Amino acid sequence: MNTGSYVATCRSRVYRLVSFLVLLMFSNVVFAQCTTSAWSSVTGSPTALGTSTSPQGKKYEQNCGLTVDASEVPAYVTSSVPSNESAISARFYLLQESLDLLSGDLTLLVARNAGTVEFELLLRSTGTVNHLVSVYRDNGVLVEDAEIIAMQDVWQAVEVAWSSGAGNGIFEVKVDDISMLAVASLTNGGAVVNEMDIGVVNSADATGELVLDAIELRRTGASGLLDISELQNISTRADVRTLHEIVIGGFIIEGDTDKC
């Protein structure tokens, strides 16, 4: 190969590489978009978290996020994707820096079975700090756990896992991947979850904004959080060629429901 041909080949490869990176960046921008239409139903006016909301942009580029005016009650989205699940988990990022919880509780998340509440997460003000409060059904009665979790005015990851069982049902809460509450003896045999609400489901007196991001609802194993196979460390190694030999990397998402 002469020098001119070698330079032309290198330029061609660089051009294809740059084109691939630009396409990848554009794809990421597309995937990052989210609207409330991705949910089964919307109550009130929660706003999909994006460039026009505060704080600007998404903190974590994952699933859908929401900005909710805490003074509007109720204002939340509902997922009816759970299909009579006896074990389910939810994970989301929470920012309550601009939330002013004046009195009472703010119901943040509710998991239901045909209207019957199986578990809830609440925010409660105890002075200058808001706390995360857990409620779950045991022996047919909703029980408020005595463990309240102090929350910070920064982005924090919240996970909750639930399953039914005859004396061995579970309820577990993690904040920033640290287990804060673990109950492994619930009596709720036959209970299922088929709807989940998230946002400002109910509130006595609050102002400001509640900001959520990367909201994920998943089936889970009966003994842990987010027990599911995930896409991780995806990579492709191949020669970059032209026409029908060009390298294309991607993955397939199946199902008949809208996804972010």
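**Close-up views of a predicted model**

**View 1. The largest nonpolar core.** Phe-92, Phe-119, Leu-132 and Phe-171 touch the most other members of the largest nonpolar core, which has 43 residues. Strand β14 gives the most to this core: seven residues. A second, separate core has seven residues, including Leu-49, Tyr-93, Val-211 and Ala-214. A nonpolar core is a set of buried Ala, Val, Leu, Ile, Met, Phe, Trp, Tyr and Cys residues joined through side-chain atoms within 4.5 Å. Buried means under 20% relative accessible area, exposed over 50%, partly exposed in between (1.4 Å probe, protein chains only).

The model is predicted: local features need pLDDT of at least 70, side-chain atom pairs count only at pLDDT 80 or more, and totals for chains, interfaces and linings use all residues. Residues are numbered from 1 along each chain as its sequence is written, and side-chain values use heavy atoms, without hydrogens and water.

**View 2. The surroundings of Phe-171.** Beyond its neighbours within four places in sequence, Phe-171 is in contact (heavy atoms within 4.5 Å) with residues including Phe-119, Leu-121, Trp-162 and Leu-186.

View 3. Strands β12 (residues 166-175) and β13 (residues 178-187) run antiparallel, joined by seven bridges. Strands are DSSP runs of E, at least two residues, numbered from the N terminus. Val-175 has Ile-178 in β13 as its bridge partner. Two residues lie between the strands, and Asp-176 takes a positive phi near 55°.

**View 4. Phe-251.** This residue lies in the segment after β14 (195-219). Phe-251 counts as partly exposed because its relative accessibility is 46%.

Key. Pairing = 2+ DSSP bridges. Helix = DSSP H or I, 4+ residues; strand = E, 2+ residues; numbered from the N terminus.
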